[in-house]
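Got a model open and wondering where its labels come from? Let's go through them one by one, checking each value against its cut-off.

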Amino acid sequence: MNNQPITDSDSTIEMIIAKERLRQAHHSFNLAFVTTAAYVFISFAGVGLVLLGKAD
């Protein structure tokens, strides 16, 4: 364990890293959400086509 005190510059760097990780997690979640929504839409469209008899 490192018992040295945390300096302001170390704290700033850690805060920047934490914010970047949070930004990346936010973008990953948004991408997963949009992808899931697209697949749901495509699935419902396919089911609709099958029920209408338009799918070959």
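A residue counts as exposed when its relative accessible area is over 50%, and as buried when that area is under 20%. Keep in mind that this is a predicted model.

Q: Why is Phe44 called exposed?
A: Its relative accessible area is 61%, and the cut-off for exposed is over 50%, so Phe44 gets the label exposed. Phe44 sits in helix H1.

Q: What makes Phe29 count as buried or exposed?
A: Again, look at the relative accessible area: Phe29 has 55%.

Q: What share of the chain is buried?
A: Buried residues make up 0% of the 56 residues. The chain exposes about 5,500 Å², with carbon and sulfur atoms supplying 67% of that.

Q: Why are Phe29 and Phe33 called an aromatic pair, and why stacked?
A: Two numbers are needed, because a pair of aromatic rings is described by the distance of the centres and the angle of the planes. The ring centres of Phe29 and Phe33 are 6.4 Å apart, and pairing asks for centres within 6.5 Å. Their planes make an angle of 15°, where under 30 degrees counts as stacked. So they form a stacked aromatic pair. A search of the whole structure finds one such aromatic pair.

Q: How far apart along helix H1 are Phe29 and Phe33?
A: They are four residues apart in H1 (residues 8-52), which means a separation of about one helical turn. An α-helix has 3.6 residues a turn, so residues three or four places apart point the same way.

Q: How do you know that the length of H1 agrees with its residue count?
A: At 1.5 Å a residue, its 45 residues should span 66 Å. The end C-alpha atoms of H1 are 66 Å apart, so the two agree. Just after H1, Gly53 takes a positive phi of about 75°.

Q: How many helices and strands does the chain have, and why is it called more spread out than a compact globule?
A: It has one helix and zero strands. Its radius of gyration is 23 Å, while the globule rule gives 10 Å for 56 residues; 23 Å is well over that, so the chain is more spread out than a compact globule. The C-alpha trace spans about 70 × 20 × 10 Å along its principal axes.

Notes:
Residues numbered from 1 in each chain as written. Predicted model: local features only at pLDDT ≥ 70, side-chain atom pairs only at ≥ 80, totals over all residues. Heavy atoms only, no water. Helix = DSSP H or I, 4+ residues; strand = E, 2+ residues; numbered from the N terminus. Rg over C-alpha atoms; globule rule 2.2 N^0.38 Å. Buried < 20%, exposed > 50% of the residue type's maximum accessible area, 1.4 Å probe, protein only. Areas by Shrake-Rupley, 256 points an atom, 1.4 Å probe, with all protein chains shown as cover. Phe/Tyr/Trp six-rings, centres within 6.5 Å; stacked < 30°, edge-to-face > 60°. Expected span 1.5 Å × (residues − 1).
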